[in-house]
Amino acid sequence: MSAVSHAGSNLNVASPANASGSTRVDLVLVAQMVEYGAKVLDVGCGDGQLLRLLSETRGVDGRGIELSREGVNECVAKGLAVIQGDADTDLADYPDDAFDYVILSQTLQATRHPRIVLEHMLRIGRRAVVSFPNFGHWQVRLQLLFAGHMPRTDILPFSWYDTPNIHHCTIKDFRQLCTAIGVKMEKAVALNAWGSPLRLNAPWWFWNLFGEQAVFLLSRKG
Amino acid sequence: MPEVADSPREADQPHESLIAHFGADKPLKLDAGVELTPFQVAYKTYGTLNAERSNVVLICHALTGDQHVASIHPVTRKSGWWETMVGPGRPIDTERYFVICPNVVGACMGTTGPSSTDPKTGKPWGLDFPVITIRDMVRAQAMLLDHLGIESLFAVAGGSMGGMQVLQWAASYPQRVFCALPIACATRHSAQNIAFHEVGRQAIMADPEWRGGRYLLEDSNPRRGLAVARMGAHITYLSDAALHRKFGRKFQDRANPTFSFDADFEVESYLRHQGISFVERFDANSYLYLTRAMDYFDLAADYNGILAKAFTGTPTRFCVVSFTSDWLFPTFESRAIVHALNAASARVSFAEIVTDKGHDAFLLDEPELFAIVRGFLDGAGKARGLAARG
């Protein structure tokens, strides 16, 4: 159904690196998709770990938006340019082409309007980097199929009634959204449950089943 | 305690302050369309200017503040109004930064204002003093920096009316401001705030001792009016929760109500004290002029109503801070600043601090505020190439 073939020539796959120290593998992967010295907006920047990594390893001019007040104040006290705000409502304030990259790291599934958020990201930034937990992962599927309850895993630890994650999607779902809004997928990486990247030439269904999380580098079409 | 009659002298010859004189060749061009000349600016400095002149922090004081930011006040003998923030090892570290705090134009602690002597008449200006604006205050500060040979500021910081000056600095002189800390402020004074100010002004003018603003000439002083103005304003600086926490319904030095209009309640006694002590150090006409300057402040209006245009292409780094219980300058006012800065692609940090202390929180012991200011200045200092504290 997708016009973009997974292993096709138009889809470069980023080479993953081992996580150094305690830095999360997915953050390292995200950082590697960002050009040196770029201007970056990290939407849902948490305690600023990725912004710090980007500033230290990629020399970026980084800004952040974070919903939680504690996260924001911690970031600002670290000298990071972070504001308290909401991805769903505050991205509209930014002008077109204000950033080289807009990053949404493990936050897409917590937004109220993922499609609008994604559209804003690619309006504000020339490129977008999105990472999210894959709800198509086999552990998730097995829990629902055999245990009959909403899945809880290491990266999705919440009970159904107190989860911030209101829009789960699978890798397949996300690709379909990208196609629907005319977004070009430049790179993609899926990580298995042990944080290792999956084989690059594996078919999409394999990623969708064995990828616990995915990172996509997107750009505007045309 | 010095006599109130001393205050005109403080206005002309301030104690423990430096003074910059601006003669007829350097008039202050006011928004009101007239020139103020000659005039003087009283200021204090703390710390040492580095060889590159790159470590200057300008502190802008609030409505009833002054230049005595981090040292004993010459009139009240109390400690500086921002000693928790400014000083050796403090977030605005005077062992690292060269801090300048000028008294604003229109005030009464040594910079020319309505209680200063008008050299043309030899008498206090009184209501003949021209109405001034926040932009006029900032112009005078820029003239002071020119006078001191300081081209650019590492940082401009201030809360409340000081925050308004910070925003005006960033809008008027973006190339001179490396980073800006507008705290607990807004880009325009709200109708509610103008209303509160008007009540304060009317209290002063209703005092027969005000004498149409000529009280200094007639050896009088509208103490009661100014005290009432201060009492009303002081309530707006606190919060319901803070007043309840500090005073509740507790009686003052008595077990039962007196069934009179004495200050039965602690909160009454506290407010009366605030009013009385304020009169000792502040000039009633200055109160009129400075509240007016705040009322007139509307930064967007200078840019066809589009606030973001005030900051288009700004190189300045901003750190905007608000407090949850501040109902004088609520968080949504700070958020409007942040939205405009985002629309202008400015580099901005924004933190809202949880506290029940109301608007005055910016002057009080707020560890989170200190951590944020310290962290923001450290980050900016690195970008500016300022040496770390030795």
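This is a predicted model: local features need pLDDT of at least 70, side-chain atom pairs count only at pLDDT 80 or more; totals for chains, interfaces and linings use all residues.
1. Helix α2 (residues 134-148) and helix α3 (residues 161-172) of chain B have axes that come within 9 Å and cross at roughly 70 degrees. That angle is why α2(B) counts as roughly perpendicular to α3(B). As for the hand of the crossing, α2(B) and α3(B) make a right-handed one.

2. Now look at who does the touching. From α2(B) come I134(B), R135(B), M137(B) and V138(B), while α3(B) brings M164(B), Q165(B), Q168(B), W169(B) and S172(B). Sorted by class, this contact of α2(B) with α3(B) has five nonpolar, three polar and one charged residues.

3. N134(A) counts as buried because it has 26 C-beta neighbours inside 10 Å, and the cut-off for buried is 20 or more.

4. Which residues does N134(A) contact, leaving aside its neighbours within four places in sequence? They are T170(A), I171(A), N208(A), G211(A), E212(A), Q213(A) and A214(A).

5. Finally, see where the chains meet. Chain B puts 21 residues into the contact and chain A puts in 16 residues. On the chain B side, β13 (317-323), α9 (331-343), β14 (347-353) and α10 (367-384) each give two or more residues, and α10(B) gives the most, with seven residues. That side of chain B divides into ten nonpolar, six polar and five charged residues.

Conventions
Residues are numbered from 1 along each chain as its sequence is written. Chains are lettered from A and ligands numbered from 1 in the order in which they are written. Axes are lines fitted to C-alpha atoms, for helices over the stretch in contact, and angles run from 0 to 180 degrees between N-to-C directions. Helices (H or I, at least four residues) and strands (E, at least two) are DSSP runs, numbered from the N terminus. Angles under 35 degrees count as roughly parallel, over 145 as roughly antiparallel, 65 to 115 as roughly perpendicular and the rest as oblique. A crossing is left-handed if the near helix is turned anticlockwise from the far one by less than a right angle, and right-handed if clockwise. Two residues are in contact if their C-beta atoms, placed from the backbone, lie within 7 Å. Ala, Val, Leu, Ile, Met, Phe, Trp, Tyr, Cys and Pro count as nonpolar, Asp, Glu, Lys and Arg as charged, and the others, Gly among them, as polar. A residue is buried if 20 or more other C-beta atoms lie within 10 Å of its own, exposed if 12 or fewer, and partly exposed in between; C-beta atoms are placed from the backbone.
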